[in-house]
Amino acid sequence: MGFDEFINIALPKGRLAEDTIKLLVEKGISTDCIDFSSRKLIFEDTENRIRFMIVRNMDVPTYVENGACHLGVVGKDILDELEPDVYEFLDLRFGYCRLCVAGLKDWNGEYNHNLRIATKYPNITKQFFFRKGFFVETIKLYGSIELAPLVGLSDLIVDLVSTGETLKRNGLKEIETIMESTARLIANKNLTKVYFNRIKDIVEVIDD
Ligand SMILES: Nc1ncnc2c1ncn2[C@@H]1O[C@H](COP(=O)(O)OP(=O)(O)OP(=O)(O)O)[C@@H](O)[C@H]1O
Ligand SMILES: O=P(O)(O)OC[C@H]1O[C@H](OP(=O)(O)OP(=O)(O)O)[C@H](O)[C@@H]1O
């Protein structure tokens, strides 16, 4: 495929946005055209034939798996939860956090079959407890997960911990770490074949 074709890169809004731009600037990948604070969702570097698309972190795998974007930046936690059929080319090493089981300070530490666990990560949670021999009920939430055990909506939570401040402020304690997460560079499988040289160039520049 010729150089004229655009390579589309899905960039996550939210927590990973700033470090993603910092990385691209460091690597000399044209980011001048990107303005996260504007309401625009597509930014084009016409000279280098790169198009940046601004999407929710959780949606990055969907854009890449379906071929709307060739490449994308997304947290490993989301990849493990959604298990999209994409290549994971690079660990970008920023966006570090841990996915943990947490509960009320006086939680007695015994897992059992009747646990209700509030989380944004039902698949990872079910698999984690299944491997330990427990079939748990997950309650899917989209944010403020720490509230659930405080109001009796769940027994435990599975959520991201970074500084530990949110757990502390809400009288919760960490019980166990399920996984560690950092941002990853992912690629569409078919598009990697078709646009191999251009994608390889971009991956190498970022990895350098
Ligand atoms: N303290 C933290 N809390 C949440 N995510 C963090 C933290 N530190 C790093 N991350 C990483 O940043 C990613 C994006 O988090 P962010 O809070 O922007 O997404 P969100 O708004 O919760 O949801 P969505 O994924 O639906 O866009 C997480 O998936 C994770 O990989
Ligand atoms: O250990 P800490 O440094 O306190 O960070 C962890 C918190 O950050 C995230 O929430 P976020 O701020 O993204 O809000 P949310 O509740 O909407 O997911 C995560 O879900 C925890 O609640």
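In what order do the 6 strands of the open sheet with mixed pairing stand? In this predicted model, the order is 2-3-1-4-11-5, and the sheet is open, with mixed pairing. The edges of this sheet are taken by strand 2 (42-45) and strand 5 (87-91), each of which has a single partner strand, so that one side of each is left without a neighbour in the sheet. From one strand to the next, the twist averages 25°. Strand 1 (residues 7-12) and strand 3 (residues 50-55) run parallel and are joined by 6 bridges; P12 has V55 of strand 3 as its bridge partner.

Two helices are placed against this sheet. Helix 1 (residues 17-26) lies across strand 1, strand 4 (71-75) and strand 11 (183-187), and runs at about 140° to strand 1. Helix 8 (residues 196-207) packs on the sheet as well, where it touches strand 1, strand 4, strand 5 and strand 11, its direction making about 25° with that of strand 5.

A further open sheet is formed by 5 strands in the order 8-7-9-6-10, again with mixed pairing. Here strand 8 (137-140) and strand 10 (172-181) stand at the edges, and because each has a single partner strand, one side of each is left without a neighbour in the sheet. Neighbouring strands of this sheet are turned against each other by 30° on average, direction ignored. Strand 10 pairs with strand 6 (residues 97-104) in the antiparallel sense over 8 bridges, and L172 in strand 10 is the bridge partner of L104. Helix 4 (residues 122-131) packs on this sheet, touching strand 6, strand 7 (116-119), strand 8, strand 9 and strand 10, and its direction makes about 165° with that of strand 8.

At the level of domains, the protein chain is divided into domain 1 (7-94 + 182-207) and domain 2 (97-181), whose C-alpha centres lie 30 Å apart. Contact between the two involves 6 residues of domain 1 and 7 residues of domain 2. On the side of domain 1 that touches domain 2, the largest share, 4 residues, comes from helix 3 (residues 76-82); by class, this side has 2 polar and 4 charged residues and no nonpolar ones.

Ligand 1 is surrounded by 14 residues, of which the closest are G14, N57, M58, G75 and S162. The shell around ligand 1 draws at least three residues from domain 1 (7-94 + 182-207) and at least three from domain 2 (97-181), and its residues divide into 5 nonpolar, 6 polar and 3 charged.

The shell around ligand 2 consists of G143, S144, I145, E146, D159, L160, V161, S162, T163, G164, E165 and T166. Strand 9 (156-161) and helix 6 (165-169) each supply at least two residues of this shell, the largest share, 3 residues, coming from strand 9. By class, the shell around ligand 2 has 3 nonpolar, 6 polar and 3 charged residues.

As to confidence, the protein chain averages a pLDDT of 95, and 99% of the residues score at least 70, while the model as a whole scores ipTM 0.95 and pTM 0.95.

Methods. Residues are numbered from 1 along each chain as its sequence is written. Chains are lettered from A and ligands numbered from 1 in the order in which they are written. This is a predicted model: local features need pLDDT of at least 70, side-chain atom pairs count only at pLDDT 80 or more; totals for chains, interfaces and linings use all residues. A residue is near a molecule or strand if its C-beta atom, placed from the backbone, lies within 6 Å of it. Ala, Val, Leu, Ile, Met, Phe, Trp, Tyr, Cys and Pro count as nonpolar, Asp, Glu, Lys and Arg as charged, and the others, Gly among them, as polar. Domain bounds come from an automatic or database domain assignment. pLDDT is the predictor's confidence in each residue, from 0 to 100. Two strands pair if DSSP finds at least two bridges between them. Axes are lines fitted to C-alpha atoms, for helices over the stretch in contact, and angles run from 0 to 180 degrees between N-to-C directions.
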